[in-house]
Amino acid sequence: MSVPVALRDRVKRVARAWRAQERAPRLSVVVPVYNVRDYLVECLDSVLGQSFRDLEVVVVDDGSTDGSGALAQDYVDRFPNVHLVATENRGLGAARNTGVEHARGELIAFVDSDDMVLPDAYAAMVSVLDESGSDFVVATFQRNFPEGVAIPPRQRMLHRERRLAMTAEDFPEILTDVFAWNKMFRREFWDNAQLSFPVGVRYEDQPPLTRAYLSARAFDVIERPVYLWRIRDDASSITQGKRQLDDLRDRFSTKRDALETVRRLGSAHLLDTFFRDGLVVDLPGYFRQIPDCDDEWWALLHRELAELWRDGPPFALTTIPVAHRLIAWLVVNDRRAEAETVAAYAAQHRPIDVPVLERDTEMIAQLPYWADPSTGIPPELYRLHEHERAARRRPRAGAAENQPGRGA
């Protein structure tokens, strides 16, 4: 005989009430899990091995079919501060929201189950929040590039110095750092700001994180890397995913959500900065798909980007690399053939390797069509910005620093 839904709900409420009577941990770490058996042990060990010990781990098994749930249960059996919540498969956003519902800590952090938390990360983040009293703290992270593990260039720029008690108006560039897992939030702030992850879409971090920045009384930004974002060995599936219409729709859906939040809660200056940075920073990954895209994908990219940039600043003001600024203009103007040519060129040349013509105080990127006025492409799209010129003047760093499309 099946148990009535009302009785099941009552049992859940009673169980939560009993747990609430126990001493709550200082920090709750939410770990959504879906078919990551090969990575889960390293992930959970990195959390449980933190020097900050006053924490609980809320694992949400999002309908895994590869034995991940059983592996998580093994941790529950061995560690009293690990809790497992099993749900049907509803996606990452729903799993994170469920984890927050079951979390009891004063502070909340998120970890994706195929990544790792770096040693002493939580101790450092808690210490900063205790010092500042801010609503949340933003740290940086490492990523595994083909050349090795490194902090991505944009992250180095955003986290080059320690900044306590900031607001989005003080530091609008931080709106491009919209990952959930390199941050730690006060639970009271999370609830009062009514933050949650959208369900059923990819790129669910951007809407709530944008709202967090704009709702916070203050947040902290620190230089310390606290997280390893691990790109799996089957990274080709990520590339293929960007060619899917649903992926592209979800990307622009979350961008529109974030843009509306900035329009509603931010100043004109903040909106202008968001147009330059927040709306374009992750588009190069899509521009790389243009040479192989089908007609429907191109039409969607053109339509969405043209609408998104309808009220935005000139493309010459954006901070993505010069080749991708040119591609953006070509996409908006439905110039597919030229966009394919420039995208293919950009795939073969790192931004630092694009030849330039130095003229007076300017540097002109010699990209396709740069010397052909008959195309009608605005000449300013070929001009390097100051940060790009400065990069040319500096001695070259490691190869990972200049990966195509990775950073401004």
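Residues are numbered from 1 along each chain as its sequence is written, and side-chain values rest on heavy atoms, with hydrogens and water left out. Because the model is predicted, local features need pLDDT of at least 70 and side-chain atom pairs count only at pLDDT 80 or more, while totals for chains, interfaces and linings use all residues.

**Cavity**

A cavity is a set of points, on a 1 Å grid over the protein atoms alone, where a 1.4 Å probe fits but cannot get out; lining residues have an atom within 4 Å of a point. Grid points are joined across faces, edges and corners, and the volume is the space filled by probe spheres set on the points. The count comes to 1 cavity of 30 Å³ or more, and the largest cavity holds about 40 Å³ of space. Its lining consists of Ala109, Phe110, Val117, Ala121, Tyr122, Met125, Trp181, Lys183, Val226 and Tyr227. At least two lining residues come from each of β4 (107–110), α5 (121–132) and β10 (219–229); helices (H or I, at least four residues) and strands (E, at least two) are DSSP runs numbered from the N terminus. The most is given by α5, with 3 residues. By class, the lining has 9 nonpolar residues, no polar and 1 charged, where Ala, Val, Leu, Ile, Met, Phe, Trp, Tyr, Cys and Pro count as nonpolar, Asp, Glu, Lys and Arg as charged, and the others, Gly among them, as polar.

**Aromatic pairs**

The structure holds 19 aromatic pairs. Rings of Phe, Tyr and Trp (its six-membered ring) pair if their centres lie within 6.5 Å; planes under 30 degrees apart count as stacked, over 60 as edge-to-face and the rest as tilted. Two of these pairs are set out below.

| Pair | Centre distance | Plane angle | Class |
|---|---|---|---|
| Phe110 and Phe185 | 6.4 Å | 70° | edge-to-face |
| Phe179 and Trp229 | 5.4 Å | 50° | tilted |

Phe110 belongs to strand β4 and Phe185 to strand β9 (residues 183–186), so this pair ties together parts 75 residues apart in sequence. Both Phe110 and Phe185 are buried (buried means under 20% relative accessible area, exposed over 50%, partly exposed in between, with a 1.4 Å probe and protein chains only). Phe179 is partly exposed at 22% relative accessibility, and Trp229 is partly exposed at 24%.

Ring pairs also join Phe110, Phe136, Phe185, Phe189, Trp190, Phe197, Tyr213 and Phe219 into a cluster.

Arg96 lies over the face of Phe197, at 4.8 Å from the ring centre; a charge sits over a ring if NZ of Lys or CZ of Arg is within 6 Å of the ring centre and within 35 degrees of the ring normal. Likewise, the charged end of Arg251 sits over the ring of Tyr203, 3.6 Å from its centre.

Arg96 is placed in helix α4 (residues 92–102) and is buried, with a relative accessible area of 1%. Its side chain makes a polar contact of 3.0 Å with the side chain of Asp112 (a pair of N or O atoms within 3.5 Å; within protein, one must be able to donate a hydrogen and the other to accept it, and residues adjacent in sequence count only if both atoms are side-chain atoms). In α4, 9 of the 11 residues are buried, so the helix is largely enclosed by the rest of the structure.

Conventions:
On a 1 Å grid over the protein atoms alone, a cavity is a set of points where a 1.4 Å probe fits but cannot get out, and a pocket is an open set with protein on both sides within 12 Å along at least five of seven lines; lining residues have an atom within 4 Å of a point.
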